[in-house]
Amino acid sequence: MSANPLKVEARGDRLALDAGRTPVASSEPGLPQRSLALRASGWLLVALVVASWVFVVSEPSAHVGDLISRETLDHGRDFLQQLAGVGEARPAYRDPGQWRQAARLAYRTLAMSVLAIGFATIGTLLTVMAGARPVLDEGRPWPRTLLFGLTRAAWIFSRAVPELVWALLIIFVFSPGILAGALALGLHNFGVLGRLCAEVVENLDRRPIRAVRSAGAGRGQTLLYAVLPSALPAFLTFVLYRWEVVIRTTIVVGFVSAAGLGREFRLALSFFHYSDVTLLVLVYVLLVFAVDATSVGLRRLAR
Amino acid sequence: MFELVDATKRYGPLVALAPLSLTITAGERLALMGPSGSGKTTLLHLLAGVIQPDEGRVAIAGRSTETLRPGRDLARLVGVMAQGFDLVPSLAVVHNVLAGRLGEWGIGRSLLSLVFPRELPLAQAALNRVGVGTKLYERTARLSGGEQQRVALARLLVQQPRAILADEPVSSVDPARAEDLLTLLVEVAAEDGRTLIASMHAVPLALRYFSRVIALRHGHLVFDRATTAVTEADLTALYDLRQEEARDVR
């Protein structure tokens with residue numbers, strides 16, 4: 001689209017040179033016009049939104065009415081009151097002993113997340129060069145191509161399986177606990193980080209890398225002096241970002257790997273200890289908040 | 001020092017360099033001239049041994065570039081200076097300079113040097129020589145374009161190749177600094193009788209600092225003569241042709 005006016009102008013210039021008259025740009029075909037397709041799609045969007053709502057509300061099996069029924073409101077109110085500990089002599093969130101207990105769990109959860117991102121980072125650093133397209137254009141023997149394919153496949157596989165599923169599989173082998181949860185989280189994030197970091201390497205400026213190579217560096221030295229120094233800051237950013245994601249996922253993995261806040265959360269729900277649930281959610285939110293703040297701070301430092 | 005025999009390079013249907021034969025003796029100061037896309041950079045890359053000719057052959061110090069593997073052997077013969085984008089921005093200046101020693105170092109020493117810089121006096125001397133001695137531990141990204149060029153030159157001083165190939169060494173610095181940089185480049189090359197080959201855009205600078213000019217257009221040799229023998233007519237020819245091309249494109 002944007003090339004069109006230029007073309008018209010160039011043609012106009014030559015007309016002016018050839019025949020000595022000013023070009024009549026407005027009569028030229030192919031001038032940008034407000035696209036009919038664009039307008040039509042706008043109206044289509046409006047029609048689609050209206051039709052969807054009509055369908056959802058009129059469809060009996062969707063139970064849309066239940067969302068605001070008397071019954072739902074009652075259930076909701078009861079649950080909120082239980083969470084707030086109405087009628088309890090001492091709700092969990094007002095008990096210092098319970099807080100200390102939750103803080104210990106939060107610490108273990110934090111440990112699980114650090115362990116998980118540590119596993120993922122080590123795995124990534126060990127495989128990233130094998131799984132990135134080559135930065136030096138010097139051709140590649142077939143074993144490297146094979147290794148590249150295998151690494152990519154491993155990444156895809158490990159990130160295609162969600163953390164929760166990894167955890168369910170791992171507790172068949174390891175006893176449930178922090179380590180099992182960390183492994184599950186680490187495996188999934190290994191695939192995610194591997195791909196993100198490989199992209200960093202592939203998008204590096206090639207000129208400094210070639211220059212170091214031409215200064216006499218071998219492959220390993222080129223990695224040390226050109227590739228890694230350029231890529232590490234970006235790696236760090238991604239690692240910290242994934243750490244934030246990991247801490248948010250620990251609670252779900254904790255459900256099944258029987259570790260940290262997730263486990264207590266499930267137990268409290270099962271035993272109808274609703275004010276315990278409130279406490280755990282509060283502590284969890286604080287933990288996530290602290291990790292996010294730390295990560296943002298560290299990322300700023302890395303820049 | 002360099003010998004080309006009917007060296008040809010094509011990129012698809014585009015002839016980047018038509019069969020070219022020439023000999024460059026050690027210690028020459030040679031400027032490559034010609035409009036953009038004339039084949040200067042291709043020729044420079046052939047001389048640097050980073051690309052191979054499709055036909056013909058290129059030899060550096062009597063050895064065919066096909067037998068020279070990238071790495072130490074090549075680095076001892078030719079040092080390349082690109083347009084100021086060839087330093088690693090996130091590294092300290094000292095490591096960028098010492099990268100010139102990598103051909104002589106093993107991997108362990110190279111790794112150690114990133115923590116405790118090795119052969120520090122050498123790096124310091126090279127930086128002093130090019131006039132940025134105070135920047136030793138600064139992050140390279142913080143330096144100005146001109147300073148980065150000097151650091152790149154310091155790396156070549158440490159690398160000590162027998163020939164220096166520079167791709168538009170002064171195109172990204174202002175005119176006053178361009179003269180300083182060229183003076184330095186020529187001095188550094190002259191010290192140990194090194195060959196200097198640079199692609200140049202600015203005609204007056206090319207004529208003032210170099211002893212021989214090779215002019216290319218469309219991958220063909222237009223002229224090859226001593227700077228003192230370059231006539232007004234030569235240059236007019238080169239530049240008239242250039243305007244004609246511009247008209248053709250339109």
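A:Arg104 counts as exposed, at 52% relative accessibility. On that scale, exposed means over 50% relative accessible area, buried means under 20%, and partly exposed lies in between, with a 1.4 Å probe and protein chains only. A:Arg104 sits in helix α4 of chain A, residues 96–131. Helices here are DSSP runs of H or I with at least four residues, strands are runs of E with at least two, and both are numbered from the N terminus. A:Gly260 is 156 residues from A:Arg104 in sequence, yet their C-alpha atoms are 8.5 Å apart in space.

Before I go on, the ground rules. This is a predicted model, where local features need pLDDT of at least 70 and side-chain atom pairs count only at pLDDT 80 or more, while totals for chains, interfaces and linings use all residues. Residues are numbered from 1 along each chain as its sequence is written, chains are lettered from A and ligands numbered from 1 in the order in which they are written, and side-chain values use heavy atoms, with hydrogens and water left out.

Now chain A as a whole. It has 11 helices and zero strands. Of its 303 residues, 35% are buried. Among contacts in chain A with a separation of 6 or more, 72% are between residues 24 or more positions apart; a contact means heavy atoms within 4.5 Å. The accessible surface of chain A is about 18300 Å², and carbon and sulfur atoms own 67% of that. Such areas come from the Shrake-Rupley method with a 1.4 Å probe, and for residues only the protein chains shown count as cover.

On that surface, A:Leu45, A:Val49, A:Trp53, A:Phe55, A:Val56 and A:Val57 make a nonpolar patch of about 630 Å². Patches are built from residues with over 30% relative accessible area and no salt bridge, joining like charges within 9 Å and nonpolar side chains (Val, Leu, Ile, Met, Phe, Trp, Tyr) within 5 Å. A:Leu45 belongs to helix α2, residues 36–58 of chain A, and is exposed at 54%.

Next, salt bridges, meaning a side-chain nitrogen of Lys or Arg within 4 Å of a carboxyl oxygen of Asp or Glu. The whole structure has 21 of them over all chains. In one, A:Arg299 pairs with A:Glu244, with the closest N and O atoms 2.5 Å apart. This pair links distant parts of the chain, from helix α11 (residues 274–302) to helix α9 (residues 219–257), 55 residues apart. Is A:Glu244 buried or exposed? A:Glu244 counts as buried, because its relative accessibility is 8%.

A:Arg248 and A:Asp292 form another salt bridge, at 3.7 Å between the closest N and O atoms. Here too helix α9 is linked with helix α11, with the partners 44 residues apart. A:Arg248 is partly exposed at 38%, and A:Asp292 is partly exposed at 22%.

Over in chain B, B:Asp192 and B:Arg194 form a salt bridge at 3.3 Å. B:Asp192 is exposed, at 54%, whereas B:Arg194 is buried, at 6%.

Last, B:Thr195. This residue is in strand β8 of chain B, residues 195–199, and is buried, with 0% relative accessibility. What does the side chain of B:Thr195 reach at 3.2 Å? The backbone nitrogen of B:Gly27. Leaving aside neighbours within four places in sequence, the contacts of B:Thr195 include B:Met1, B:Phe2, B:Ile24 and B:Arg162.

Note on methods
Polar contact = N/O pair within 3.5 Å; in protein donor to acceptor, adjacent residues only side chain to side chain.
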